[in-house]
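Here are my notes on the model, point by point. Please read them alongside the coordinates.

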Amino acid sequence: MSEDKAIWPPIDPIQAGLKGRCPRCGEGRLFSGFLTVGKCCYNCGLDYSYADAGDGPAVFVILIIGFIVVGLALWLEVTFAPPLWLHFLLWIPLAMVLCLAALRLIKGVLLTLQYRNKAAEGRLDQPR
């Protein structure tokens with residue numbers, strides 16, 4: 001079953017995911033809340049029931065933001081040696097803000113890439 005490319009031109013999955021747009025038409029909203037995936041696209045009618053990013057976005061966010069925040073905290077400690085309360089005051093809010101912002105972006109990209117690559121759960125063929 002192939003889709004008509006005249007109706008649905010190819011959409012860049014990275015750009016659509018970062019904007020939180022539909023992976024098929026690039027116009028409708030992908031999310032109905034901050035991280036909640038909508039039921040379907042209001043523009044083209046694509047059903048989002050396929051969309052399951054699992055723990056992938058959280059793992060990427062933890063690794064990327066953790067590397068950034070720990071690196072900056074280590075640099076600050078070695079360079080200026082501030083008191084511990086200043087580390088808490090700086091890095092906890094920064095980590096929370098960066099994680100929340102990155103989680104939505106990465107989840108959108110992973111969902112649009114899932115649609116583009118027709119990724120699905122692995123299934124064993126049932127013998128007939």
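1. Basis. This is a predicted model, in which local features need pLDDT of at least 70, side-chain atom pairs count only at pLDDT 80 or more, and totals for chains, interfaces and linings use all residues. Residues are numbered from 1 along each chain as its sequence is written, and side-chain values use heavy atoms, with hydrogens and water left out.

2. Length of α3. Helices are DSSP runs of H or I with at least four residues, numbered from the N terminus. Lys-118, which follows α3, has a positive phi near 55 degrees.

3. Packing of α2 and α3. Their axes, lines fitted to C-alpha atoms over the stretch in contact, lie 8 Å apart at an angle of about 150 degrees. The two helices are therefore roughly antiparallel (angle over 145 degrees). Residues meeting there (heavy atoms within 4.5 Å) include Phe-60 and Ile-64 in α2, and Leu-94 and Leu-98 in α3. By class, this contact has 20 nonpolar, two polar and two charged residues.

4. Lys-39. This residue lies in the loop between α1 and α2. At 71% relative accessibility, Lys-39 counts as exposed (over 50%). Leaving aside neighbours within four places in sequence, Lys-39 is in contact with Leu-46, Asp-47, Tyr-48 and Ser-49.

Notes:
Axes are lines fitted to C-alpha atoms, for helices over the stretch in contact, and angles run from 0 to 180 degrees between N-to-C directions. Angles under 35 degrees count as roughly parallel, over 145 as roughly antiparallel, 65 to 115 as roughly perpendicular and the rest as oblique. Ala, Val, Leu, Ile, Met, Phe, Trp, Tyr, Cys and Pro count as nonpolar, Asp, Glu, Lys and Arg as charged, and the others, Gly among them, as polar. Buried means under 20% relative accessible area, exposed over 50%, partly exposed in between (1.4 Å probe, protein chains only).
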